[in-house]
Amino acid sequence: MAGAQAGTRGKAIMSALLTIDAVSKRFRGVLAVDQVTFEIGSGSIAAVIGPNGAGKTTLFNMIAGVLAPDRGAIVFAGDRIDGLKPDQVCRRGIGRTFQLVRPFPVLSVEDNVIIGALLHRNDPAAARRRAHEVLAQLDLFDKRTQRASALTLPDRKRLEVARALATDPKLLLLDEVMAGLRPVETDRIVTILRELNRATGLTILLIEHVMRAVMALAERVLVLHHGAAIAEGAPAAVVREPAVVQSYLGAEAVD
Amino acid sequence: MRRLIEGVPPRGLVGLAALCLALIVGPWVANDYLLTVLIVILYFAYTGQAWNVMMGFAGQLSLGHAIYVGLGAYAAAALYVHFGIAPWIGLAAAIALAVACGALIGFLAFRFGVAGVYFAILTIAFAEFARIGFDHFGWVGASSGFFLPVANYAHNDLWTLRGNPTMFYYVMLVLTAAAFVLCRILLKSRIGYYWQAIREDEAAARSLGIDTFRYKMYAVIISAGMTSVAGVFFAFYYNNLFPEQVFHISRSIEMILGPIIGGIGTLFGPLIGAFLLTGLSETMLELLGALGLDVPGAKQVFYGICLLLVVIVLPEGVWPWLARKLGLAEKQS
Amino acid sequence: MPAEIYLNVAVAGLLTGLVYGLMALGLSVIFGVVRVVNFAHGEMMTIAMYLAIALFNALGLDPLVMMLPIAGVLFVFGYALQAGIINPFINRPEHSQFILLVAIGLIIVNVLLIAFGPDARNVQTSYAFDSFMAGPLIVDATKVYVGAATILVTIALFAFFRFAALGKAIRACADNYTGALVVGLDINRLYALTFGIGAACVGAAGSMLVLLVDVTPALGPAYTLLAFIIVITGGLGSMPGALLGGVLIGLTEALAGLLFTPSAKSMFSFGLLVLVLLFRPQGILGRRAA
């Protein structure tokens, strides 16, 4: 199946880290995701945008293993991952954050990240060293001994990213990580993500509503509406397509 | 070794050393009655710690833990009475049986997504099942009871665990200390971190690559195995076993009072809880006795009230509150 | 064994099961609305049972007649318990709730033990040895009266939840907490009322059960477990489910007691429970929790 498709796409497939191939998901009669096809090249940053209810989180959840697609395939680093459990998906190299952040509340910031780092390190001391590295990258090193529940929202968002990053993913899925942040905070995370991508080649896939971040980060954008892909391409171009403007951008101005 | 005490403030280490010393020297200064009370305290500290592994570390509420005590007790006792096998060897059978039972319960529960209240009820049902089952199990005495031959107390035989209370005290002390050290090691290692993650938020834990099924199983199995050792001790100390008592839900509840009152998920919680509970209840019984009152059920009412107070006023347990007051809260590195 | 014996035992089990169902109904109502797992349910019932015994011994009053007043007393008890102690725990983690109610149950059992002692007690009414006969069927009069009373009480309850304004408000609470808040329902009062109603169910069931079983304080935890088995089998949050579960368990126990040893009969209930938990955790009539 994926092989037959691969033949027609040839060279594009070779550098694609994640391939979503005609994936569909139905919930009790509602088609949440409708034959979506998309590719993300290794080392690139891509974004999925679309109005609420467009199917973005469902798509994410299928990549992350929380849901299994009804149809289609998801290929990561050459292997099918659709239908795998979330922990299996993470072990393959995909890290994710949650739309409503879920830190481990009574544990310290440091311990939260150590738990992520323990995936590839058996020794807690080594995990702690890695955790410190990641916390420094995310500007949270000074708060490492605080309880996670005591952090402000922007800090908790960065903690969630740090924790996922500590699992040494090849692909990072970020689910509306900019939601609820002030522009100055958004810019901070955008800078951090851009730097991570540049320095380590980390591939990033974002779901976002905050266009400021999408324009600043994404090399390619996929637009979903009612579960189907209605546009795809560079952000500047996609944002001007009539179909996209009609469905979504009425209220969202491009900064 | 260094890692075990890392992060503990100096005055905590001093306190711990003092406690150890007091416990070691205890039997010399205590009278017979006090000695038996201390044995009970250590017993509850030990079983509380074992239960704590499942609940406090991995977040799975078991209200049927008496099943592991019972299985351990009957296994070792049966091997001793019927085949003359010493308890230290019978221990292996006891642990194997308890681990198998725990694995079954864990597998059924976790594979089928039985959690929270449903899981608690499943554990109660299993314990009740065992209680009724053993009531009909003739080879170990059924409901009439199973008895170990009581030997001469003057002669201490550590191998067959026949002897005077002082011997039992030290056996229990070593067991409790070992449980303590084991839990500390577990908490500070990868498995301890993963357990805490699962306890806090299982879905988030899975998103970090943690195979939650496997780690929950570890918690159940380790907890079951540890608890069964207490069962072996129970059998050889009390020398009689009745399914009606050993598997009864009151035993399961007694076991969890210590850690809940002391502090679920903490290392010292079960010990503090056991001391407080048993210490205070024995004092209360002494007072009632002095007043000429014999009130069966008074101790349990007392337990209930303590539980109520702790859950309402100090939900984290007495130990975290006490530790903060004494400045013993562990510093993060 | 002749078929009549099976029939008689089955009918007896069915009628007893109805009372179990009423007891479990209370638990279902409490869980369905207040979302509290009442681990002291059986213990509350023993309060009612001892109350019935005390009234019978002191004043010769038939428990069936005293059913309503006793239910009333339990209602007040339940209301006060919920409003006073349990309410703050609604939003606490699950295990905190259990432990709170386990503690309350523990206290109830042992206070009863102190007050009444461990010996079994029962109530012997004038009609205790009467029976009705219909063809091959011989049924205890007591069981028939009890069964009839249970059916009446259950119908009244269903009617209350279906037609009374208060009943509908309570159901609204259960279906949509936030919506109920928005509409201005006084949630705390409704919760207390619901707990009271659940307690009243158990009060009624208790005063009827004294006619059927010997009472000891230790019965409390045993009935709590039974109530949970019934409610889980029938469907947590489903009222008809609780009744169905009760009847099913009553039947199973009666027949198992006949076919195997009486003391092993609860093993079948546990077996049923494990099967339900594994394969149909929402119970026979329950809906999957949202």
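This is a predicted model: local features need pLDDT of at least 70, side-chain atom pairs count only at pLDDT 80 or more; totals for chains, interfaces and linings use all residues.

Q: Which element gives the most to the side of chain A that touches chain B?
A: The contact takes 24 residues from chain A and 18 residues from chain B. On the chain A side, the elements that give two or more residues are α4 (86-92) and α5 (109-117). Of the elements on this side, the one that gives the most, with five residues, is α5(A).

Q: How many nonpolar residues are on the side of chain C that touches chain B?
A: This contact draws 30 residues from chain C and 33 residues from chain B. At least two residues each come from α4 (94-116), α9 (219-234) and α11 (265-279) of chain C, and α4(C) gives the most, with 15 residues. Divided by class, the chain C side has one charged residue, five polar residues and, as the number asked for, 24 nonpolar residues.

Q: Which residues of helix α15 of chain B are buried?
A: The helix spans residues 318-325 of chain B, and what covers its buried residues includes α12 (249-262), α13 (269-290) and α14 (298-313) of chain B. A residue is counted as buried if 20 or more other C-beta atoms lie within 10 Å of its own. The buried residues in α15(B) are Val318(B), Trp319(B), Pro320(B) and Ala323(B).

How values were computed: Residues are numbered from 1 along each chain as its sequence is written. Chains are lettered from A and ligands numbered from 1 in the order in which they are written. A residue is buried if 20 or more other C-beta atoms lie within 10 Å of its own, exposed if 12 or fewer, and partly exposed in between; C-beta atoms are placed from the backbone. Helices (H or I, at least four residues) and strands (E, at least two) are DSSP runs, numbered from the N terminus. Two residues are in contact if their C-beta atoms, placed from the backbone, lie within 7 Å. Ala, Val, Leu, Ile, Met, Phe, Trp, Tyr, Cys and Pro count as nonpolar, Asp, Glu, Lys and Arg as charged, and the others, Gly among them, as polar.
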